[in-house]
Protein chains: 4
Amino acid sequence: VVRRLAQADSALAHVFAFHHLQIATVLLWGSAAQQSLLARTVSEGWFWGNALNPLDARLVATRVADGWRLNGAKSYASGSVGADRLVVSATVPKADGTAARLVGHLDAKAAGLHVREDWESFGQRQTDSGTVSFDGVFLADADVFQGPDDVPTPRATLRTLVSQLTMANLYLGIALGAFEAARGYTLERSRPWVGSDAKRAVDEPYIQHRYGELWLLVRAAELAADAAAPRLQAALDAGEELTAGQRGEVAIVVSEAKVLGHRAAVEVSSQLFELTGAGATSGRLGLDRFWRNARVHTLHDPVDLKLRDIGRFRLEGRLPEPGSYS
Amino acid sequence: VVRRLAQADSALAHVFAFHHLQIATVLLWGSAAQQSLLARTVSEGWFWGNALNPLDARLVATRVADGWRLNGAKSYASGSVGADRLVVSATVPKADGTAARLVGHLDAKAAGLHVREDWESFGQRQTDSGTVSFDGVFLADADVFQGPDDVPTPRATLRTLVSQLTMANLYLGIALGAFEAARGYTLERSRPWVGSDAKRAVDEPYIQHRYGELWLLVRAAELAADAAAPRLQAALDAGEELTAGQRGEVAIVVSEAKVLGHRAAVEVSSQLFELTGAGATSGRLGLDRFWRNARVHTLHDPVDLKLRDIGRFRLEGRLPEPGSYS
Amino acid sequence: VVRRLAQADSALAHVFAFHHLQIATVLLWGSAAQQSLLARTVSEGWFWGNALNPLDARLVATRVADGWRLNGAKSYASGSVGADRLVVSATVPKADGTAARLVGHLDAKAAGLHVREDWESFGQRQTDSGTVSFDGVFLADADVFQGPDDVPTPRATLRTLVSQLTMANLYLGIALGAFEAARGYTLERSRPWVGSDAKRAVDEPYIQHRYGELWLLVRAAELAADAAAPRLQAALDAGEELTAGQRGEVAIVVSEAKVLGHRAAVEVSSQLFELTGAGATSGRLGLDRFWRNARVHTLHDPVDLKLRDIGRFRLEGRLPEPGSYS
Amino acid sequence: VVRRLAQADSALAHVFAFHHLQIATVLLWGSAAQQSLLARTVSEGWFWGNALNPLDARLVATRVADGWRLNGAKSYASGSVGADRLVVSATVPKADGTAARLVGHLDAKAAGLHVREDWESFGQRQTDSGTVSFDGVFLADADVFQGPDDVPTPRATLRTLVSQLTMANLYLGIALGAFEAARGYTLERSRPWVGSDAKRAVDEPYIQHRYGELWLLVRAAELAADAAAPRLQAALDAGEELTAGQRGEVAIVVSEAKVLGHRAAVEVSSQLFELTGAGATSGRLGLDRFWRNARVHTLHDPVDLKLRDIGRFRLEGRLPEPGSYS
C-alpha cells in the first residue's frame, strides 16, 4: 500500500506509513494494558505522529512522581502536524555521564507541547515533519513504552525493521512513479532526436536501452522488497520466540531492499530526463518532484553503512547491532 | 541444480544443462511418437548434445526420399563430444533465395557425422563444445522435429526461454562461485592493507563495503532467476493454450534474469580481485577461471539487445519476436 | 571565465556565455561589413541575446523587397529578456516542400518583436530564456548572416563547437560549485554517522572515498575541457584554411569534454547529498539548485548521440556531420 | 614510452619500466659517489631488477664489519630474472621490537644470491618477477642507498611517485592496447547482430555507443597521466628544495592518473568482449591477455586507498604520508 501510495504521492505515503509505524510501535513495545490504545485509535479516529528523531538529543526527561517531565525539542517529527497522538522519545541523563532513552506516547494537545509547522526541505514537502517543542510536558508512567533501564527483546527491535522496510517500499514507490511519469512523457510528448534515424522517440535505440536499464533498477528493488516482506512477517509472527540471530538475518534482507530501493529512486528520478528531453523540465509538469522527494527521503540513514552491514554479514555472518537504523 | 553445479564447476553445469535442454526439445518439439525418445533416453542412458548454432549456416539439408541429406558443419556444438544423441539444425534453401530451418535428432555415431574436439576458447574449457561435421548424413523424416514449413506454436518457442533461463542460472552460479571463492580467500589469506587502520582484512571498511556491493549484484540476479522460474513453468504447464502474449511476457521476465545474471557473473568475477589482492592471482589458485568462464559464456547473445527488448516492453508493451535468442 | 562564473551562479554564467556566443556569431558568420557590429557592441554597450532554437520551426521568413518578413515564434531564447540585439534564425519554405534556414540579427526593440518572460523550467531560472514572438518583423538584407542558399564553410560551422564547449565549461562549473558546496557543508556542519567509529564526518572512510570518486568525475571533465580549448582556438586561428577533417576532429574533442562535463554536473549535484546528510536538504541552503540547473541545462542535446559520435570516430574515423549540435 | 610499450606488450613494458625505476633510484637515493653507477650502467650494459617488495618482511639484514649480511627472501622481484644488478631492501630489527629498512644494490651474481623463476600469476607472465633468496649475502656500506636511520627528504620520497606514475602509464597502455585490439576485431571480423537492423557490426548503435563509453575511460586516464608527468618532472627538477607540501600535491595528481588508468585497464579489457562477440574468445587470438595483465598488475596497492587519499586531500588538504605506495 505504501508503495502504491508513494507512486502517486510520496509525501502522502510518508505520512500514512508513519501513522502505521506508530501503531506498530504500540504492538511491539506496548504492555498488555497499552494494547487498548489500538481499540481507541479505531474508535476515536486517532492519527498518530512521532517525535522520535534519535539524532536530536535536545529533548530531556526528568523523573517526577508517577512519571516524567519533558523539556526540549525534537526535529524531523514526521506526521506531527495535525496528529492526535504522538510517540515520543527523550534522553534520560545517567549518573555516570552517559544517557539512556525513554519512549512513550502523548496526547498531541498535551499542556506544554507545541508542534511547529517549520518543515522546509526541498522534498517531501507535505510530510508535516515539523519540530515539536516540549515545555514541561508530563508523561505518565502508564504511557511509557520503554523505560531507561528496559533492555529490548529481539521482537521489540523489529520496530526498526518495520520502519526500514516501510522506507524501502516508499523509495520503490517513488522509483515506480518516476518511471511511469517518464514513460508517459516519452509516449505522448517526446520528439525524435535530431541527428538520429528513428522516426518516433520510442523507436530510438538509446531510449529503449535506457528504459531497459532503469527498469532493471526498479525491478531489483521490487523483488528485494517483496522478498523481505514475508521474512519480516514471519519474524513478527514468531513473537518473543524470535532469536537475535533470526532478527539479524531479517535485518540484512531488509537492508538489501532498502539499498536497492534507494538506488532505484535516486537514479530513475534523475536519469529520466535523458529520456524525455528539455521540455520535461517545465515547472508546470513538476517532474523534478521525484528526485527532490527521493533525495530528501533517502538520507534517513547512510546507505554506505547498510552496504557495510551487508558485506560484514556475507563475509563473517556478523549481524548488525539493533538500533535506531538497523 | 544448474546454478549449484555452476557454482562449483561452470563447464560441468554447462554440459549438464545442455543435455537437459535437448530433452526439453523432445518434450516441446517432438510429435506424440517422438515422445518415446524420453523413455529410450532413460533405458539406454543417452547423453544428449547439440549441433544447433543458429549463427552457423554452413550445414545444408537436401530433400531425398523419406528424409534429408545433411552436408556441412556446425560450430559451438555444446556437449557434442561424447554425446550419444544430437539435436541438429540445418538450412533448407528455398526457391525464392531465402532459407528455412530444419531441426531433427541423430545418433551421434551416424554414418558421415564427425565430432571434432576443437573447442579452444579461453573459458568454459571442459564444455565439449566442438565442431560437428556432416558428410552426407541421412536424417529420416521420422526423426524431424521441425520441418522447413512448420510454423512453431507459442508453446514450441518456449524452448528458447528454457535455454535462456538455463543460461541465467549458469551465470548466477558462476557469480555465486566467484563470490564464495573471494570470501574464502579474504577470510583465510588476505593480509590487512598497508596504510589502513584495520587489523584484519575483513575489518577493512572498503572491503566490507565492496562485498556488500558485489552481493547486491548476486542477490538481484538470484531474485530475478527465482521469479522467472515459476513463470516459465506456468507457461510450460499451459501447453498449446499458451498465447503469444503470455509467452512474450515470460520472455521479458527471463530476459531480466539473464541480464542481471550476466552482470553479476562478469562483475563479481573481475572485481573480486580488488578484495583479495595480488596473491590471489597465483596460477595455482586459478581464481581467474570465474571471469574466463563468465566472459566466454555471457557472449551467447548480445546483452544490449536484451536491454532493448526490456525497454521496448516497458515503453509500449511490445513483445520480443520469438527466435533463437528471445 | 564561464566555468568560474558557473561555479558561483550557473544562470548568470549562462547569460554571459550566450552573449559572447552571439558575438562569436558575428565573427564567424558576419560579412566584412558586418564586423562593424563588434565596434558598435562596445560603443553602445549592447547586450546580445538569441532566438535561434533549431528545434522550434514556428518562425517563418518570407521574401520581400530588400529583405525578409518574419512571422511566428522561437522558444528557449536564452538572454532575450533585456537584450539589445538578437541573433535570429527563421525557416524559409522551399518550392520542393523542404525548408532552408535564414540567420540574421535584429534590434530587440524592432517593430513587431515581443520578448515574453515565460521561462518556467525548474532550473537555470534566471537565464532570461523566454519565448520571442514575431509579428511581421522586417529583417534587412544587410542584416542577414546566412541566407537560405549559403553553404557554410568549415570555419563557419565552428560556431556550434564554440557553443558546445561553452556548455561543457558551464556544466563543469556547476560540478565544481556543487563539489565545493558539499565540501563546505561536510566540513562545517556534518555530524559523524551513527553506527560508525569516526569521530568527525571528515574522518569517515566512506565519506572520504566518495569525495575521491566525485572529484575524479570533476577532474576528468576539467582535463578534457582544458584539452579542448586550445584545439578549438587553433581551429579558429586557421580561418578559412580550416578543413572539414580538422574541424571534425575538434568536434570530437569538444564532445569528450561535453560528455564528461555533463556526467560530472549531474552526478556530483545528486550524489553530494550522500555526503552531507538530511540537514543539507533544507530549503534555506538551496543545495538542490546544482542538480536542478545541471539537469535542465544538460538536456540541450542528447548525451547518447555524443557518445555515439565519439564511438563512430574511434571505430572508423567517421566525423560528425556539422549541424546545430555537432 | 612505457605506455606505448604496454600497448603492445605489457610484460615487456613492465620489465623495461622497472629497469628505469631502479636507475631513478640511483638518481634519487644514491650519494654523490654512487652516481657513478649510472655511467657503469651504460658502459657495462647493465640491466637492473629489484628485490624490494615492502610487504615481504622475510629478508633480514644483520650488521657486520663494513656492511650487512642478508638472509631470507623477497617475492614479486620484477625484472630479477636475467638482471645484472638488483636494488634490494631488507628489514633491520631494532632493540625496541620495531624494524627499520635498509636499501642498497647488489650484483645479481653475488655469492649466496639466487633468483628463482617461479612467477606463476595468471597475468604479466613474462615479467620475470620471481623470488630472490639470500643466503648470507654481503652488502657493503658503500653500496647502501638508505641506512636504517636515514630519514628520507621529500625529494627522496619521489621514488614512490616515479613508480606509481610508471604504473599509471602501464595500465593506460594496457587499456589502449585492449581498445585497439577490440576495434580491429570489430572492423575485420564481427558479424552484425541477429535481431538488429544494422547491416555491419560497426553500424550497430549499441556497439558505437559502447566504444564511445570505453574511449572516455581511456581518454580520462590519458589526460590525467599527461597532466601528472610535468608535475612530477617539476618536482624532480626542484631537487632538495622540494617541500613536503609540494611533494604531497604531486602525489595526489599521480594518484588521479593511477586510479583512472586502473579503471580504464580493467574495464576496457573486460567489456571489450561485449563489442566483439563469442568468436573473440578463441584461445588463438589471446584477447583475454589484456584483462589478465590488467587484473594482475592493478593489484599492486589497493585502489580504494588511493580514492581515500584523493578524498582526504580535497576535503581538508590532507597529504598522503610518503611510503612505499603513496
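# A guided tour of the interfaces and salt bridges

Select C:Glu180 and C:Arg183: the two residues lie three apart, about one turn of the helix, and both belong to helix α4 (residues 158-188) of chain C. Helices here (H or I, at least four residues) and strands (E, at least two) are DSSP runs, numbered from the N terminus. The model is predicted, so local features need pLDDT of at least 70 and side-chain atom pairs count only at pLDDT 80 or more, while totals for chains, interfaces and linings use all residues. Residues are numbered from 1 along each chain as its sequence is written, chains are lettered from A and ligands numbered from 1 in the order in which they are written, and side-chain values use heavy atoms, with hydrogens and water left out.

**Salt bridges within one chain**

Stay with the pair in chain C. C:Glu180 forms a salt bridge with C:Arg183, and their closest N and O atoms are 3.1 Å apart. The term denotes a side-chain nitrogen of Lys or Arg within 4 Å of a carboxyl oxygen of Asp or Glu. C:Glu180 counts as partly exposed at 37% relative accessibility, and C:Arg183 is partly exposed with a relative accessible area of 21%. In this scheme buried means under 20% relative accessible area, exposed over 50%, and partly exposed in between (1.4 Å probe, protein chains only).

Next, select A:Arg40 and A:Glu44. Their side chains meet in a salt bridge (3.5 Å, N to O). The two residues are separated by about one helical turn, because they stand four residues apart in helix α3 (residues 36-44) of chain A. A:Arg40 is partly exposed, at 37% relative accessibility, and A:Glu44 is partly exposed, at 47%.

**Chain A and chain C**

Now display chains A and C together and select A:Arg210 and C:Asp304. Their side chains meet in a salt bridge (2.7 Å, N to O). A:Arg210 lies in helix α5 of chain A and C:Asp304 in helix α8 (residues 303-316) of chain C, so the pair joins two chains. A:Arg210 counts as buried at 17% relative accessibility, and C:Asp304 is buried with a relative accessible area of 3%. Then select C:Arg210 and A:Asp304, whose side chains also meet in a salt bridge (2.7 Å, N to O).

**Chain B and chain A**

Turn to chains A and B. In this pair, 35 residues of chain B are in contact with 35 residues of chain A. The area buried between chain B and chain A is about 3100 Å², with 63% given by carbon and sulfur atoms.

Select A:Glu256 and B:Arg219, whose side chains meet in a salt bridge (2.6 Å, N to O). The largest share of the side of chain B that touches chain A comes from α5(B), with 13 residues. Then select A:Arg200, A:Asp203 and B:Glu316, which are linked in a network of salt bridges. Over all chains, the count comes to 76 salt bridges.

**A loop in chain D**

Finally, select D:Gly112, found in the loop between β5 (99-107) and β6 (113-116) of chain D. D:Gly112 counts as partly exposed, at 21% relative accessibility. Leaving aside neighbours within four places in sequence, D:Gly112 is in contact with D:Ser133, D:Phe134, D:Asp135 and D:Val137.

Note on methods. Contact means heavy atoms within 4.5 Å. Buried area is the accessible area (1.4 Å probe) that two parts lose on being put together, summed over both.
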